[in-house]
Amino acid sequence: MRYQTLAASCLRRLGRRAHKIPLDAGFTCPNRDGTLSHGGCVFCNPSGSGTGLLLKGFGLRAQWDRLTARFSGRPDPPLLWAYLQSFSNTHGPAQKLAAALEAMAALPGIDGLCLGTRPDSLDDEKLDLLAAFPHAERRLEIGLQSANDATLDRIGRGHDAACFARAAHAAASRGLLVCAHVMAGLPGESPDDFLATVDFAATLPVDSIKLHNTLVVRHSRLEALWRSGGYRPMDRQDYVALAAAAIARLRSDMTVERINADAAPDELLAPAWAADKSGLIRDIRTCLADADSWQGRDRDAPDAMPQW
Ligand code: SF4
């Protein structure tokens, strides 16, 4: 493999693969509930990629039991990480986060926590709560999307790049593993803007990264822009080449958790090529191989491909 996947990283560090169990703890987002705005980021739709299971009456324990049942009795079960993915899971009072963490810490067979949020929804009290989670793996996924403040303003993020840098430093100093989310093809951005974002993330105490191609999803503000002709998604071959170039610029010790975006089939409007997720991953890997490139080649490992 020409980059360090999450599976390879887990096998190397922990001796086993890990599986993220997506849970809904009922958090919202300051960019949706009116704290910052009601509009949300331009690419996000009101569901925030959430399942809404808590509102449907499924508590954390019921969600966990349902989603982990298939692993029980296996001879080689993966490590199981509770994953709060949708919306901003540190938004709101610290007591709400403390209660969710307490409930998750008690889930049977849990080995770790992954929690997604915004950089401006983290303060010292919340970071201390996360650092005190009583299972060894504590992963914090923080949305950066772009290191260009003009872009962040244009897409309605409501924070700047310096805010992400502060959050990454504060989290890493407490032993949390930080994963940066970044996006290629944002409105008004060039490929060089995306590579600058990747460079920015790689200079910070960021353990892992998720590379995403920007999608137009139903009911997002980007849908209206796209329908009016004001936004054109990247071409497939351009994203393949850009993702490969980004991987080469990462630190070789980072984990590359994702190299493509993942939309629900009924939400994706454009580009149509994004629906073929496995084909996209295959072609990015082929692009790296054809160029004899690898993660870190253009940063800290120019001479030989590391063994991950
Ligand atoms: S992308 Fe995240 S931060 Fe932006 S509106 Fe959606 S849930 Fe909120």
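By class, the shell around the ligand consists of five nonpolar, two polar and three charged residues. Here Ala, Val, Leu, Ile, Met, Phe, Trp, Tyr, Cys and Pro count as nonpolar, Asp, Glu, Lys and Arg as charged, and the others, Gly among them, as polar. The residues surrounding the ligand are Cys 29, Asn 31, Arg 32, Gly 40, Cys 41, Phe 43, Cys 44, Phe 87, Arg 118 and Arg 157, a residue being near a molecule if one of its heavy atoms lies within 4 Å of it. The model is predicted: local features need pLDDT of at least 70 and side-chain atom pairs count only at pLDDT 80 or more, while totals for chains, interfaces and linings use all residues. Residues are numbered from 1 along each chain as its sequence is written, and side-chain values use heavy atoms, with hydrogens and water left out.

Phe 87, a member of the ligand shell, is located in the loop between β2 (79-84) and α3. Helices (H or I, at least four residues) and strands (E, at least two) are DSSP runs, numbered from the N terminus. Although Phe 87 is not a glycine, its phi is positive, at about 60°. Phe 87 counts as partly exposed because its relative accessibility is 26%; buried means under 20% relative accessible area, exposed over 50%, and partly exposed in between (1.4 Å probe, protein chains only).

The largest nonpolar core has 68 residues, and Leu 23, Met 104, Leu 130, Leu 140, Leu 211 and Tyr 239 have the most contacts inside it. Such a core is a set of buried Ala, Val, Leu, Ile, Met, Phe, Trp, Tyr and Cys residues joined through side-chain atoms within 4.5 Å. Helix α9 (residues 236-249) gives the most to this core, with seven residues. A second, separate core of 13 residues includes Met 183, Leu 186, Leu 222 and Ala 270.

Helices α3 (residues 94-105) and α4 (residues 124-131) pack at an angle of about 5°, with their axes 10 Å apart. Axes are lines fitted to C-alpha atoms, for helices over the stretch in contact, and angles run from 0 to 180 degrees between N-to-C directions. The two helices, α3 and α4, are therefore roughly parallel to each other (angles under 35 degrees). Ala 94, Leu 97, Ala 98 and Leu 101 of α3 make the contact with Glu 125, Lys 126, Leu 129 and Leu 130 of α4, where contact means heavy atoms within 4.5 Å.

A cis peptide bond, with omega about -5°, joins Ala 270 and Pro 271. Pro 271 is among the residues touched by Met 234.

Terms used
Angles under 35 degrees count as roughly parallel, over 145 as roughly antiparallel, 65 to 115 as roughly perpendicular and the rest as oblique. Lists of a residue's contacts leave out its neighbours within four places in sequence.
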